[in-house]
Amino acid sequence: MGARLTFPGSDRSRPRRRGPGRPRTAFVLSGGGNQGVAQVGMLRALLERGIVPDVVVGTSVGALNGAAIAYAPNLTGVARLEAVWCTLTAADVFPGGRLHRAWNVVRRGTHLFPSDGLEALIARATPARTFGDLAVPLRVVATDLDSGEEVVLARGPLQPALLASAALPGVFPIVEHDGRRLVDGGVVNSVPLWHALCGPTGRVYVLNVSAGASDRPLRSPLDVVMTSFQHARSQRFDLEMRAVPADVEVVVLPRPPDPRDLFDFSGAPELIAQAHRLACEALDAAPRPGTARAEPIRLRIGRRRRGDVA
């Protein structure tokens with residue numbers, strides 16, 4: 001399942017105070033491209049209830065959102081992230097449009113778009129420049145293109161780690177970092193639950209929006225590839241859920257339906273509001289921390305949709 005790093009590790013993240021007996025809380029943010037907008041509403045619901053992470057683990061867009069909340073784990077940080085998503089357009093992330101994509105296919109390049117848009121998006125999402133600038137530890141998942149190994153980035157400069165984690169193969173450039181050629185972490189692990197269990201974790205909140213790939217109509221070869229990959233990744237998440245230690249509580253927040261294609265960034269405010277409402281309902285229905293229970297929580301609240309794991 002890939003290398004595992006304990007936390008807080010050797011980064012200089014500012015320590016957080018936990019109440020006596022409060023278990024360490026981890027946020028796990030999946031990949032999912034533009035569907036990552038729903039994680040903003042989920043984060044707002046968590047923080048409104050005083051649920052603050054002690055460690056954040058993210059893949060692809062989840063790493064980007066995770067970096068923003070790891071820098072400012074409060075409602076101000078969520079508001080900043082929401083402002084970014086509500087003004088984001090396809091041209092910001094995928095500069096050049098369809099003609100540019102067609103030309104890059106013809107010229108047989110290794111990618112369809114430059115990383116300039118992603119770099120600007122990272123700068124807007126968080127002012128942090130290194131992992132040490134973050135308020136809580138962050139774990140970023142990427143994939144070694146040459147070996148297929150799952151790589152966890154946890155220290156050093158932040159931008160190349162986030163670029164690598166979001167470098168969807170064939171769409172964005174390969175990122176050369178720390179002696180490796182890296183691409184999107186979602187290739188091997190779209191929902192990095194495994195890495196949230198590397199320390200004394202007592203509670204994990206999973207913000208999984210990648211399960212919505214099957215919501216999308218198949219309009220292009222890329223849609224087919226993304227949906228196919230998602231089936232394999234969902235099976236891995238299901239296996240990792242089964243392997244969670246008995247003393248760890250896991251709450252998987254429900255996601256809103258999102259049928260937009262990969263290049264559509266419209267409707268962000270509505271999707272954030274829907275995700276917030278669903279997350280509030282799920283969290284308010286879950287047993288409160290510290291409540292006596294006969295067995296650990298394994299909650300997946302909300303209607304199952306095709307593409308969700310059981």
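**Note on helix packing and burial in a predicted model**

1. Helix H2 (residues 61–71) packs against helix H7 (residues 158–165) at an angle of about 150°, and their axes lie 7 Å apart, the axes being lines fitted to C-alpha atoms over the stretch in contact, with angles running from 0 to 180 degrees between N-to-C directions. H2 is therefore roughly antiparallel to H7, a term used for angles over 145 degrees. Ala63, Leu64 and Ala67 of H2 meet Leu158, Leu162 and Ser165 of H7 in this contact (heavy atoms within 4.5 Å).

2. This is a predicted model, in which local features need pLDDT of at least 70 and side-chain atom pairs count only at pLDDT 80 or more, whereas totals for chains, interfaces and linings use all residues. Residues are numbered from 1 along each chain as its sequence is written, and side-chain values use heavy atoms, with hydrogens and water left out.

3. The 18 residues of helix H9 (residues 268–285) should span 26 Å at 1.5 Å a residue, and the end C-alpha atoms are 26 Å apart, which agrees; the expected span is 1.5 Å times one less than the number of residues.

4. Among the buried residues of H9 are Ala268, Leu271, Ile272 and Cys280, where buried means under 20% relative accessible area with a 1.4 Å probe, protein chains only. Their cover includes helix H1 (38–48), helix H3 (75–86) and strand E7 (201–207).

5. Across the chain, buried residues make up 55% of the 310 residues. Of the contacts between residues at least 6 apart in sequence, 78% join residues at least 24 apart.

How values were computed. Helices (H or I, at least four residues) and strands (E, at least two) are DSSP runs, numbered from the N terminus. Buried means under 20% relative accessible area, exposed over 50%, partly exposed in between (1.4 Å probe, protein chains only). Angles under 35 degrees count as roughly parallel, over 145 as roughly antiparallel, 65 to 115 as roughly perpendicular and the rest as oblique.
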